[in-house]
Amino acid sequence: MAFTATDHAMMAQALRLAERGAYTTRPNPMVGCVIAHGDEIVGEGWHQRAGEPHAEVFALRAAGDRARGATAYVTLEPCAHTGRTGPCADALIAAGVARVVAAMRDPFPQVDGAGFERLKAAGIAVESGLMETQARARNRGFLSRVERGRPWLRVKLATSLDGRSALASGESKWISGDASRLDVQHWRARAGAIVTGAGTVLADDPSLTVRLEDDTPFVAPLRVVLDPGLATVARGRVREGDAPTLYIHAPDAKPPRGIQAQLAAVTVREGRFDLEAVLRLLAERGVNEIQLEAGATLAGAFLAAGLVDEVLLYVAPVLLGERARPMFDGLAIDTMSQKLNMAIVESRYIGQDVRLLMRPQDVPAKTAAAAGG
């Protein structure tokens, strides 16, 4: 299907609009919409918050009567079902748009082509696939949850030049600089959950909250502590503040008397969590993206299990020496044929540090046992 330069320009704008909802739309996808006559934009909008109107509704309100006969560019197939809001396909039909161009089909079972069919049945020209790669990248977490049944998992790490994530004592504050620590807050804000292990809570006492410098709105991510025996449930800054906290524990663990906390049990074998079950549980709770901020044991367990989708690595211009701890434990790589290849998606300076966004290219089948606690 041939799309024009104008089509590309309008969809690019719709994608920029969609990104404005990165911190607030979950568990819904980010969606942007532009309504235009040729190269003249008459209305635009984006999905701003779950439970509120979708992108098409805001764009149609802005366009008013000028929506009639126009083309609607939308980054995801318009919905055809009634949830907390009405069907966007019906709104587009009622407004009299002549053509709908979508970046991609929505795999959500209640949509999945039904929006396109409803539009076509009303005589509206429907075209899809324009800038689909970019649209999928915007909603990688939502698509992971819907298509794979688990959230998109990002591991955040700070490392020295010699690949060390903490001193032998466990001390890791602060390897990276102030600019990197501020940058991390934006990645936290787009996550549905920030996951750590009991060892990190005991050693570092993190709060795992989002602290942005400006007034950008965000929905506080769920804080998740993997703690088989509930050793940390009564302590730590991770219990403080308005952000919710969930403790995932072994089925036989008993919480201390009088402690009020969100708890969920996941199978543990030989002291190690079934990490796939952990991810399925969080997907069922509507988590699209996870940011893992944990020590080398848990990070290594997720990586060895083939569950890491990307690594967000801040490399600081410091050396910690051979006694310091590595970024990942338990990979058991003995030959070069077992090495884990990473693709660098993006690299940039953040203050004095270098930020690398990398994605694993392959994970050897037997790099380690299944997950640590």
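**View 1. Strands E6 and E15 pair in the parallel sense in a predicted model.** Strand E6 (residues 152–159) and strand E15 (residues 310–315) are joined over six bridges, where strands are DSSP runs (E, at least two residues) numbered from the N terminus and two strands pair if DSSP finds at least two bridges between them. Leucine 157 stands opposite leucine 313 in E15.

**View 2. Nine strands form an open sheet with mixed pairing.** The order is E11-E10-E9-E8-E14-E6-E15-E18-E17. Strand E11 (262–265) and strand E17 (342–350) stand at the edges with a single partner strand each, so one side of each has no neighbour in the sheet.

**View 3. Arginine side chains sit over tryptophan rings.** Arginine 20 lies over the face of tryptophan 46, at 4.7 Å from the ring centre, and the charged end of arginine 181 sits over the ring of tryptophan 174, 4.4 Å from its centre; the criterion is NZ of Lys or CZ of Arg within 6 Å of the ring centre and within 35 degrees of the ring normal.

**View 4. Isoleucine 35 and its contacts.** Not counting residues up to four places away in sequence, isoleucine 35 touches residues including Glu40, Val42, Leu60 and Thr71, contact meaning heavy atoms within 4.5 Å.

Residues are numbered from 1 along each chain as its sequence is written, and side-chain values use heavy atoms, with hydrogens and water left out. In this predicted model, local features need pLDDT of at least 70 and side-chain atom pairs count only at pLDDT 80 or more, whereas totals for chains, interfaces and linings use all residues.

Terms used. Helices (H or I, at least four residues) and strands (E, at least two) are DSSP runs, numbered from the N terminus.
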